[in-house]
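My notes follow the order in which I checked things.

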Amino acid sequence: MIRMYVYNGLPYDVLQLFVEMLVSGRHSPDNFTYPFVIKACGELSLLSLGVTIHGRTFMSGFDSNTFVQNSLLAMYMNCGEKEAARRVFDAMQERSVVSWNTMISGYFRNGCAEEALMVFRWMMDVGVEPDCATVVSVLPACGYLMDLDLGRVVCGLVEEKGLGNKIAVRNSLVDMYAKCSRVEEARVVFDKMDERNVVTWTTMINGYILNGDARNALMLCRLMHFEGVRPNSVTVISLLSACASLHFLSHGRCLHGWAIRGNLESDVIVETALIDMYAKCNYVDLSFRVFSKTSKKRTAPWNAILSGCIHNGLPREAIELFKEMLMEAIDPDGATLNSLLPAYAIIADLQQGTNIHGYLIKSGFLSRIDVATGLIDIYSKSGSLDSAHKIFNGIPKKAKDIVSWSTIIAGYGMHGHGKAAVSLFNQMDISYVFL
DNA sequence: ATAGGGTTAG
């Protein structure tokens, strides 16, 4: 019964049934029950319940069962508790390949790519035989860290051990090469595949875009269409960004059509990408048309329309939209402000600049270096070099970066204070220049 | 019977 709920994706019902089982007291859970229940806790990110059940497995002696331990590893990793997972892993007497794979993918998903590679190397050192899941867990970490050498080692393992039969394994190889800036090698793997799915095509298309080759990305789009593979929302988003960077309006409109036919256009991320594409093609009216149909409960489409207004020389509209956004109680984020602040720098109105300064203090966004830099630019373009310098001085010394220095120096320069600009330039840590 | 496994915007 519990298994049926797991297979049908009903983790909450799994837990309910487990509680009923405990309350009735007629049956006690065993080493087959616990993995299902622990998995349900992980899926729902119910850490405290997971810890309680971990305690129960300990009391009943099932915590030495490898299946139970592996499900605990996965549960802790799903809840972001990598230290707890590591403690379970370290205490394990017997580790299966699943234990190692869970640690590798768990570390990577929790933002610890280095640890993921460390576990993989450790696994190889102790002579554990890798499988398909090992490969698809370790390759994203290689790509993220651009560790091409290790990526090639894994590629060698795939050939040597014959792990390349699954499409997912080849897909992750394509992605790894593309992320390591080896788009030609990615293409070699791609061309050698005798079976490809929508993820394969999307990964290769995205690989070209990542490497600044939007034209080849769009070329591949034709081939994909020709082979009868239907794009999903990820594919459409990648292709829209290619159209945006090339200002290919007609191709972008065609993709908009694909999105509508594929029922993808109500996906917020797709809507956001459409708004962005139309704006970058300088058709912000079309961006507004898409924006008017979005749910407006999410931050992303607002950010896209704000930056679209700036791109199309509409700073006042951007400011109005931001006010509307606050009225609708949508939470702005760092990206919202990075899109908005240039609007104030363009209109160069000191009063309005002071108003937004107040908002940045109240909201706490001023502690972000990029936001503070945006405000320096607003003040210097509005003619208040004093205020600009005060903001600049407010940034801790070691947090100052090349952008904040350039902004304040440009401020002095544009007001004809050449000497002050040069003096500031000389105060700047010269190592920035070479970064 | 039970555990792990690919691509995602601003």
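First, the term I needed. On a 1 Å grid over the protein atoms alone, a pocket is an open set of points where a 1.4 Å probe fits, with protein on both sides within 12 Å along at least five of seven lines; lining residues have an atom within 4 Å of a point. Grid points are joined across faces, edges and corners, and a volume is the space filled by probe spheres set on the points.

I noted the ground rules. The model is predicted, so I kept in mind that local features need pLDDT of at least 70 and side-chain atom pairs pLDDT 80 or more, while totals for chains, interfaces and linings use all residues. Residues are numbered from 1 along each chain as written, chains are lettered from A and ligands numbered from 1 in written order, and side-chain values use heavy atoms, without hydrogens and water.

**Second largest pocket**

I read a volume of about 240 Å³ for the second largest pocket. Its lining has 16 residues, with Gly164, Arg170, Val189, Lys192 and Met193 nearest the centre. Helix 10 (148–161), helix 11 and helix 12 (183–192) each give at least two lining residues. Helices here are DSSP runs (H or I, at least four residues; strands are E, at least two), numbered from the N terminus. By class, I found seven nonpolar, two polar and seven charged residues in this lining. Ala, Val, Leu, Ile, Met, Phe, Trp, Tyr, Cys and Pro count as nonpolar, Asp, Glu, Lys and Arg as charged, and the others, Gly among them, as polar.

**Largest pocket**

The largest pocket has a volume of about 470 Å³. I listed 17 lining residues, and Asn70, Ser71, Ala74, Val98 and Thr102 lie nearest its centre. Helix 5 supplies the largest share, seven residues. The class count is five nonpolar, nine polar and three charged. Where does the largest pocket lie? Domain 1 (1–92) and domain 2 (95–195) both give residues to its lining, so it lies between them.

Domain bounds come from an automatic or database assignment. For chain A I also noted domain 3 (196–293), domain 4 (295–347) and domain 5 (362–435). The centres of domain 1 and domain 4, over C-alpha atoms, are 44 Å apart. I checked residues 96–130: 74% helix, 0% strand, end C-alpha atoms 10 Å apart. Residues 298–332 read 74% helix and 0% strand, with end C-alpha atoms 10 Å apart.

**DNA strand B**

I counted a residue as near the strand if one of its heavy atoms lies within 4 Å of it. Of 39 residues around DNA strand B, Asn70, Asn101, Asp131, Asn171 and Ala300 come nearest. Helix 11 (residues 167–179) gives the most to this surface, five residues. The surface holds 17 nonpolar, 13 polar and nine charged residues.

I then looked up polar contacts (pairs of N or O atoms within 3.5 Å). The side chain of Lys39 has an N or O atom 3.4 Å from a phosphate oxygen of DNA strand B. For Thr102, a side-chain N or O atom is 3.2 Å from a sugar or linking oxygen of DNA strand B. Lys166 puts a polar side-chain atom 2.9 Å from a base nitrogen of DNA strand B.

Terms used
A polar contact is a pair of N or O atoms within 3.5 Å; within protein, one must be able to donate a hydrogen and the other to accept it, and residues adjacent in sequence count only if both atoms are side-chain atoms.
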